[in-house]
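Subject: Structure for your review

Dear colleague,

I am passing on the structure we spoke about, with my notes on it below. Please look through it before reading on.

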Amino acid sequence: MRLRIAPPAVAVLLSIILPVGLIAPSSAGDSSKPVLGIADEWRGVVALTDAHLVISPDRHIPRGTLVIRDGRVLAAAEGRVVPAGALEVNLDGLWIYPGLIDPFTEYGLEHLPPLYEKSEAASGTPVYEKLSAGPGSWNDAVHPQREWVHDFRPDRKRATQLLEAGITTVQSARWDGILQGRAFVASLAEDDPGKLILRPQAHLFASFNKGSSRQSYPASMMGAIALLRQVFLDSQWYESSKSEDIETNTALEALADHEAIFLFKSTDEHTLLRAARVFKEFDKRAIYVGSGREYRRLADISSMKLDLVLPLTLPQRPTVGSPEDDASLALGKLKHWASARFNAADLVAEDLRVAFTTAGMRDDEDLWKNLRLRVEAGLPPTHALAAVTTEPARMLGISEIAGDLEPGKRADFLIASGDLLSGEEELLEVWIDGRRALVKNETASFRLQGRYDVLFAKAPAQLDIERERKSIHATLIRDSKEWKAKVLGTMGSWYFEFKPKNGNGDILRMTLNRVGNEWFATLSEDGRLLRVPVQKRESSPRKGRNEPDDLRESGRITAAARAIGQTLPDGPFGLEELPRPRTVLFRGATVWTADRQGVMKNTDLLIAGGKIVEIGQDISAPRDAEVIESTGKHISPGIIDEHSHLAISGRVNEASHSVTSEVRIGDVIDPDDIGIYRALAGGVTTAHLLHGSANVIGGQCQVIKLRWGKSAEEMKFSKAAKTIKFALGENVKQSNWGDRFTTRYPQSRMGVEAILRDALERARAYGKRVRAFEKSKNNSEFAGKRPRRDLQLEALLEVLESRRDVHCHSYVQSEILMLMRLAEEYGFRIKTFTHILEGYKVATEMAEHGASASTFSDWWAYKFEVYDAIPYNVCLLREAGVLSSLNSDSDEVIRRLHHQAAKAVMYCDMSEAEGMELITINPAAQLGVDRYVGSLTPGKDADIVVWNGPPLDTTSIVEQTWIDGALYFDRERHRLMAARDSETRRRLLDLVLERKRDDDRRKRKEQDFDMRHRQGVRP
């Protein structure tokens, strides 16, 4: 690096290249803060010449000049262009990059305690009221009015860590809550907070994690989603009612900013999609912080055209040990370790725009190495660089001042030894606002490496200077003697203290200087100060942390990982291709219709277009049909489970408030739950996913078809009736929850009735207000006040108006009678009592009410209110005329519902065909889908199961399960997939072991280097 002052004549050339306004004086140094001591406000012109300029990701100047003044880029031009009076710094071919931007940090806020401290005394005790002060939201997890810029305190230690990675600008807010507050954008320079703020109000951070809030609600992901949805509705209501006499709510006022952009933190690909649907529902602009798993649902995410901030961190290498330990490693975890590096490349290939964040990176990870791994995995280098410069600048709304090195932009840049994405170069310096902010590796010393001849009068000496890890070492060989030294110095002058290699002899002190292209050494010898010419013979390769063998090892593993392949879901028994409806003729089977035809032997079944087309004998096969010889096989309708908690993410219960009708199971379906595949293996095609029984009024339920491999939205059975979960008995009054749970109402069975009545009464009043407004809004003379839309009461109003069916968890006869009478009082009927183990005591009353029953086969005595259960319950309910079914309430029992039906045949002395109806057409009727599924009837959906024997025979197994005419489970394919997964596991474990050997070998080399260096021996 050389310094010189430019001649005045160069200013003429500069004035031609640049607009006049760019070389005028500025007021960048103005500040309201008084000067304490001596001011340090030199803002002269600096010209960095002979540099490779990376102006932007897709624009490079191989040999150019970067001119900066007053913290801004004055010019970026080809060749040597130096203004008059400028300080010239010759970089000898070093590279200059724009400073990096991290859009998702907590920088400058780490000193803050959690918003809501948790005391040991209060640990685990439910909190139902908010603890925060002020007229904000009723829920402490919602504080969008918080502006984190007011708490900003620059943190030098943390800033240095970010600067060492090349980051010069960050967006920051505390990651605490569901609506977390407004972030700010700040520079990482060392200055007063006010001078560092680039944008005081930036994105509004959000998540589905309530953070440090001690309030019990929300206690589940579906509760968090419901809360977010209600807050958005409330903000609309609040804004439209400003002229009216309503509450003051600073949280809702903050959401009135329609230009606000949300930055949502997801935890996996499904959470991201859930959030995107909510923000789209309310037409909110949002950017999403990904989890690194987006590749697993690439098509769904691509279709939504989302802007993404991806974590640069990569999964740690799985720990391998004994064969037993290796067998316990989940296949999904192994596949993610191998596949995560491809995530960004796959998303960019789908034309999605991405940025990167260092959030979550471990201490042993390096930003540039992880970025190179993405490039190695197929991410174009221009996109990789854009993801840490121009893309985050665009997302943060600071493209006019940051993200590239165009004239007028902030002079935030990096100096590197070369192409940082090559793996063999290093970051040397970081400049912010036109000043050096960090010297990571002395720029001039870095270029010093090579072999030199020191031309002593008697005989030349050999000087070798090499970079080894983080320091530069020199070896001097003269007259067959060898000295070693570390190199100290900068800006064209370097100092050495050479010590004899064998430890004996005098220390030789020498200075190496460079003036222009000439080198000379100055040293003291025999009491005289000598100036000796030096010639640089050759440059030596630089040895940094990222050695070529490291890159080769990484590339080998990346190639092997890509060859593993991906499935849907990307785990055990994932499908390589999603099933499609087929035209199939099953010939000569025994067909269990669950319809008036009963069991038909030696019968053909034709399916096409996802429907059952024809059932009979000697059916002619369409030209495009597959014919499957099915003699000896049995075909039944797909089994339907009226009560399941399968495939629900983020807790089955919103176990906080007594009434949570606003939450929706449909928001939290987990399509990757392996239980879905296992249920298919048991012949189940449809399941009713219910909220748990922790509340008197729980959440809205969701009927799904078990379309394994498809997305959560594609699994929903859209034609099913709307349903909701009610519950009675011990669970809802928290009988066995412990001594801490004694404050929530109700605590008695009498209280259960009271809370139900209160909720229904509130819903009735809500309905009156809604109808009154709808009636009056078209009448200008009598325009009523718009009611606040209440999602909790909206669902209950649907119950009152018989537009949503109630499925009620129940055991004891007195409570069953109470609920039926209460429903009749409010003008609706209970659709289904589930569990209902004392149903046999009130079967007649249930039949008169019109309620159906979904019970267990012979469960008994697992808690006090079940002591009166009998295995004949379903028999007596049927005899009384109650539509009855059997359910699983278990991810395990769902695979064997046909065994439960077989028990009913034994206990009730019914036919096997009648037993089959308990798990097919009867639950279909209870869920309002009997027009589409539940029986083998022409025109219905082709949801069928092929068995190797009679379905209710305990020795029979499912061979195939079809949904909508597509084959979702096949016993033979299952064997092939099991073998495939076993081989995939073996290959992945081999990769893990190979990576472990590479890591161990590298660790030994580092240890050997350290040992030799301590002993003064050149490695």
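In which loop is aspartate 889 found? Aspartate 889 lies in the loop between β41 (884-886) and α23 (897-908), where helices (H or I, at least four residues) and strands (E, at least two) are DSSP runs numbered from the N terminus. Aspartate 889 has a positive phi of about 50° although it is not a glycine, and with a relative accessible area of 24% it is partly exposed; here buried means under 20% relative accessible area, exposed over 50%, and partly exposed in between, with a 1.4 Å probe and protein chains only.

Before the rest, two remarks on how to read the values. The model is a predicted one, in which local features need pLDDT of at least 70 and side-chain atom pairs count only at pLDDT 80 or more, while totals for chains, interfaces and linings use all residues. Residues are numbered from 1 along each chain as its sequence is written, and side-chain values use heavy atoms, with hydrogens and water left out.

Overall picture

The protein chain holds 26 helices and 44 strands, and its C-alpha trace spans about 120 × 75 × 60 Å along the principal axes. Of its 1019 residues, 57% are buried. Among the contacts (heavy atoms within 4.5 Å) with a separation of 6 or more, 69% are between residues 24 or more positions apart.

Leaving aside residues up to four places away in sequence, tyrosine 288 touches Phe264, Leu272, Ala275, Ala276, Phe279, Leu306, Asp307, Leu308 and Val309.

There are 29 aromatic pairs in the structure, a pair being rings of Phe, Tyr and Trp (its six-membered ring) whose centres lie within 6.5 Å, with planes under 30 degrees apart counted as stacked, over 60 as edge-to-face and the rest as tilted. One of them is the edge-to-face pair of phenylalanine 208 and phenylalanine 264, at 4.6 Å centre to centre and 65° between the planes. This pair links distant parts of the chain, since phenylalanine 208 is in the loop between β12 (204-207) and α4 whereas phenylalanine 264 is in strand β13 (residues 261-265), 56 residues apart. Both phenylalanine 208 and phenylalanine 264 are buried. Phenylalanine 279 and tyrosine 288 also form an edge-to-face pair, with 6.1 Å centre to centre and 65° between the planes; phenylalanine 279 is buried at a relative accessible area of 0%, and tyrosine 288 counts as buried at 3%. Ring pairs link Phe208, Phe232, Phe262, Phe264, Phe279, Phe282 and Tyr288 into a cluster.

Charges over rings

A charge is taken to sit over a ring if NZ of Lys or CZ of Arg is within 6 Å of the ring centre and within 35 degrees of the ring normal. The charged end of arginine 531 sits over the ring of phenylalanine 520, 3.5 Å from its centre, and lysine 705 lies over the face of phenylalanine 717, at 4.8 Å from the ring centre.

An open sheet

Four strands form an open sheet in the order β7-β8-β10-β11, with mixed pairing; two strands pair if DSSP finds at least two bridges between them. Its edge strands, each pairing on one side only, are β7 (100-105) and β11 (197-199). Strand β7 runs parallel to strand β8 (residues 167-172), and four bridges join them. The bridge partner of threonine 105 in β8 is serine 172.

Backbone points to check

A cis peptide bond joins tyrosine 217 and proline 218, with omega about -5°, and proline 218 is placed in the loop between β12 and α4. Another cis peptide bond joins leucine 568 and proline 569, with omega about -15°; proline 569 is in the loop between α15 (548-562) and β28 (584-592). Aspartate 433, in the loop between β18 (427-432) and β19 (435-439), has a positive phi of about 55° although it is not a glycine, and this residue is partly exposed, with a relative accessible area of 23%.
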